[in-house]
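Please examine the structure shown below.

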Amino acid sequence: MKICDLTQIYSPRGGGVRSYLEAKRKYIRDHTSHEHLMIVPGARTERVEGGRTQLWTVAGPLVNRTSRYRWMLDLPALLRILYEEHPDIVEAGDPYHAAMISRNWANRRGSDFYMFYHSHFPDALLRTVLKFAGSWARGWVERVAGDYLRNMSLSSRGVFVASRHLMRVLSGWGLEGLVHLPLGVDTSIFHPGEVDRAEIRARLKLSPDQPIILYVGRFSPDKDTALLLRCWMKIAEKLPAPWTGVMVGDGQMTDLVETFVRHHPHIRRVPFVKKPEELADWYRAADVLIHPGRWETFGLVLLEAQGCGLPVIGFRGGAMDEQAADLGTWATERSSSGLADAVVHKVKTLQSEDRIKAARFVTGHFSWEKTFARQMEVYERKK
């Protein structure tokens, strides 16, 4: 069986969708006899890797000057790849125009079309629309989005959804064929480790005894970076004892972050960490991971952090709830002040047992092997 994954939501630098796709390729290569074809945006149309796990890029421009993401605009090239490779399964990792092209191709050519609902795109529309319209626009956007997604789902074999929270939202919009498929984490990398934390802190030039509050991710509006910056200031008001905040990443708001860091010396910015083994050390060195996102559909960074024994704090009431080892400590008020209160409380009450609990939670519930074994069953059952 030849399985094709294509998506616009892909960056060669990282991100949750890229992590999912790379883990899927590895699973197919190591545990099955299937072939895998991955099609993502790139600077030009070309086959980057061949063999049983192929990688193609389709030409498209950058979304913006600082973005690591591109639009897949060479749609004739996309169709040529599909016609030449003729996959048995086509899975679209977003609901945009390339997904529509691939859905139509699959339905005409007798291949099975699936969607993976990685990004709750109505939220992205709302963030834009509500800037220029009143709250009345919310209902209109959700109706349009619901109609569009319902049409896509009717023409598919199934829609994979990582969280039960979003399953309920999409079911309420009338989508059919929903398949709950939680994502996983590579626990051979993201685990508590055997090296002393003091040694890791010394290597990373961190204080041996100050609380370290860590953020890992893109600096962008969809990741609520502005809220995070306000939250750092609130934490400073509520936690007078010496502490350090670390922001690992980059993105379209990097200049704003750099300006903020220059005026707040207890906050440190670390450029994007490419190697997951190095990122794991940042998780092991910290005391708490802060996640300001209010729009996440899953939150792989939460699993990575907790897998390394790092407690996490985010906002309750969304898709990330299911990835929390200790949801009771999360913020109920979805504001910078509410998040700061939860982080400060966690820092002040942190126990060594919290680290053990976080790591066991991930080991017991999340692995890529479980994710893809379940997904292959769905693919094969539908054939």
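The account below turns to helix packing and then to aromatic rings.

The model is predicted. Two packed helices are described by the angle between their axes and the distance between the axes. Helix 2, residues 75-85, and helix 3, residues 97-109, pack at an angle of about 35°, and their axes are 11 Å apart. The crossing of helix 2 with helix 3 is right-handed. On the side of helix 2, the residues in contact are Leu75, Leu78, Leu79, Leu82 and Tyr83; they meet His97, Ala98, Ile101, Ser102, Trp105, Arg108 and Arg109 in helix 3. Sorted by class, this contact has 8 nonpolar, 2 polar and 2 charged residues.

The aromatic rings come next. A search of the whole structure finds 16 aromatic pairs. In one of them, the ring centres of Tyr83 and Trp105 are 6.1 Å apart and the planes stand at 90°, so the pair is edge-to-face. Tyr83 belongs to helix 2 and Trp105 to helix 3, 22 residues apart, and the pair thus links distant parts of the chain.

Another pair, Tyr114 and Phe160, is stacked, with 5.5 Å from centre to centre and 15° between the planes. Tyr114 lies in strand 6 (residues 112-116) and Phe160 in strand 7 (residues 158-161), so the pair ties together parts that are 46 residues apart in sequence. Both Tyr114 and Phe160 are buried. These two residues also belong to one aromatic cluster, together with Tyr20, Tyr27, Phe116, Trp368, Phe372 and Tyr379.

Terms used: Residues are numbered from 1 along each chain as its sequence is written. This is a predicted model: local features need pLDDT of at least 70, side-chain atom pairs count only at pLDDT 80 or more; totals for chains, interfaces and linings use all residues. Side-chain values use heavy atoms; hydrogens and water are left out. Axes are lines fitted to C-alpha atoms, for helices over the stretch in contact, and angles run from 0 to 180 degrees between N-to-C directions. Helices (H or I, at least four residues) and strands (E, at least two) are DSSP runs, numbered from the N terminus. A crossing is left-handed if the near helix is turned anticlockwise from the far one by less than a right angle, and right-handed if clockwise. Contact means heavy atoms within 4.5 Å. Ala, Val, Leu, Ile, Met, Phe, Trp, Tyr, Cys and Pro count as nonpolar, Asp, Glu, Lys and Arg as charged, and the others, Gly among them, as polar. Rings of Phe, Tyr and Trp (its six-membered ring) pair if their centres lie within 6.5 Å; planes under 30 degrees apart count as stacked, over 60 as edge-to-face and the rest as tilted. Buried means under 20% relative accessible area, exposed over 50%, partly exposed in between (1.4 Å probe, protein chains only).
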